[in-house]
Amino acid sequence: MNVRVAVNGYGVIGKRVADAVRDMPDMDLVGVADIATDWHVRTAAGLGIPVFAATEEARAAMGDAGVPVAGSLADLLSQVDVVVDTTPKKVAATNLELYRDAGVKAVLQGGESHATTGHSFVAQANYATAVGRDATRVVSCNTTGTVRVLGALQDAGLLARARGVLIRRATDPVESHQGGIMNTVVPEGSIPSHQGPDARTVRPELDVVTMAAKASHTQTHSHFWTLQLTRPASRGELLEALRAAPRIAFVRMADGVTALNTTVELMRDLGRPRGDMWEVAVWEDVLTVEGDEAYLTYQVDNEAIATPETIDAIRALAGTVTDGATSIAMTDEILGMRREFLPAPASAPMD
Ligand SMILES: NC(=O)c1ccc[n+]([C@@H]2O[C@H](COP(=O)([O-])OP(=O)(O)OC[C@H]3O[C@@H](n4cnc5c(N)ncnc54)[C@H](O)[C@@H]3O)[C@@H](O)[C@H]2O)c1
């Protein structure tokens, strides 16, 4: 039987998760809940997704605004096995008791603290420990990227410690008329920034320190790492370790993929829904190794990267797939995730 899923909060993350659930053959999206009454939820209704009111006030307001309301959040919860809470940060924590009382398992997002669920999730790192749990938290976009890449190198026995600088986007495109910064970079006021400690909620054995700054663009984050390796290694060994891990793709300056905006455009050209890049894009030809130190940079699509992780978290909590690698492979195949975004160069003609 398919896992019956609800999404509470149809915003930047929620609408992506809802679409991905609809794509999965082993899941049914029963409906989405929200408090908004504007184009967001009317779009969902227009796509044929049942819209539920997350609060009583919202139900009245939705009715007034002409949004077809399928019922209350309690009605929605009574029909599902798992709810994905994609409400704004700190709201989900207040909903957890409601989910527990309804006997519904819950996937929270990175805006919540680790303590809220006591479990933080990145599929390739710790799927097994989420199997059958009542709740987990899919970590933030930056933390997911960090765990994927550093975890791959650690799994290969290559990583001793990592020190990184994270340049974050200022705000999401959909909210960029409401706020954000312009023509500046704003360093975070304390070190470490939260992403390093957050990565250790998933992989406690990582020796990682991060500094972060906010820049005045709206799409995607970039990370720059100095890595202390466990021993002198070759570039090839690091690339092999990254290739062995899921959800990491290579991009190259030599191909003209030279900046965050080019990768964003490439995803659009590939026909990705909303231009989403679910993979971490590592610049293959920038990665440098000198003895037992390595340096690398990659790009994280903050709006998209948590989508496949959330799909795997649903399966883990529901217990329908107990092996992480199997779930990851299912998710990645259906979404169409890739290791390379460009076809291999055609070989030169013989004569
Ligand atoms: N935006 C990102 O780049 C990003 C990346 C990774 C993780 N996250 C995390 O994902 C979560 C959701 O973030 P987002 O960016 O999608 O937020 P968002 O503001 O885009 O969407 C939140 C949605 O929830 C609705 N909502 C607000 N209060 C509600 C309530 N009480 N009940 C039901 N619905 C309610 C809003 O109307 C909106 O549609 C947060 O924990 C955030 O930290 C965000």
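The side chains of threonine 220 and glutamine 299 are joined by a polar contact of 3.0 Å; a polar contact is a pair of N or O atoms within 3.5 Å, and within protein one must be able to donate a hydrogen and the other to accept it, while residues adjacent in sequence count only if both atoms are side-chain atoms. The model is predicted, so local features need pLDDT of at least 70 and side-chain atom pairs count only at pLDDT 80 or more, whereas totals for chains, interfaces and linings use all residues. Residues are numbered from 1 along each chain as its sequence is written, and side-chain values use heavy atoms, with hydrogens and water left out.

Threonine 220 lies in the loop between β11 (208-215) and β12 (221-229). Threonine 220 is buried, with a relative accessible area of 3% (buried means under 20%, with a 1.4 Å probe and protein chains only). Not counting residues up to four places away in sequence, threonine 220 touches residues including Arg169, Leu260, Gln299 and Asn302, contact meaning heavy atoms within 4.5 Å.

Asn302 is also among the residues that come nearest to the ligand, together with Val12, Ile13, Asp34 and Asp172, out of 22 around it (a heavy atom within 4 Å).

| Residue and atom | Ligand atom | Distance |
|---|---|---|
| Isoleucine 13, backbone N or O | oxygen | 2.9 Å |
| Aspartate 34, side-chain N or O | oxygen | 2.6 Å |
| Aspartate 172, polar side-chain atom | nitrogen | 2.7 Å |

The protein covers 83% of the 840 Å² of accessible area that the ligand has on its own, by the Shrake-Rupley method with a 1.4 Å probe.

Terms used
Helix = DSSP H or I, 4+ residues; strand = E, 2+ residues; numbered from the N terminus. Buried < 20%, exposed > 50% of the residue type's maximum accessible area, 1.4 Å probe, protein only.
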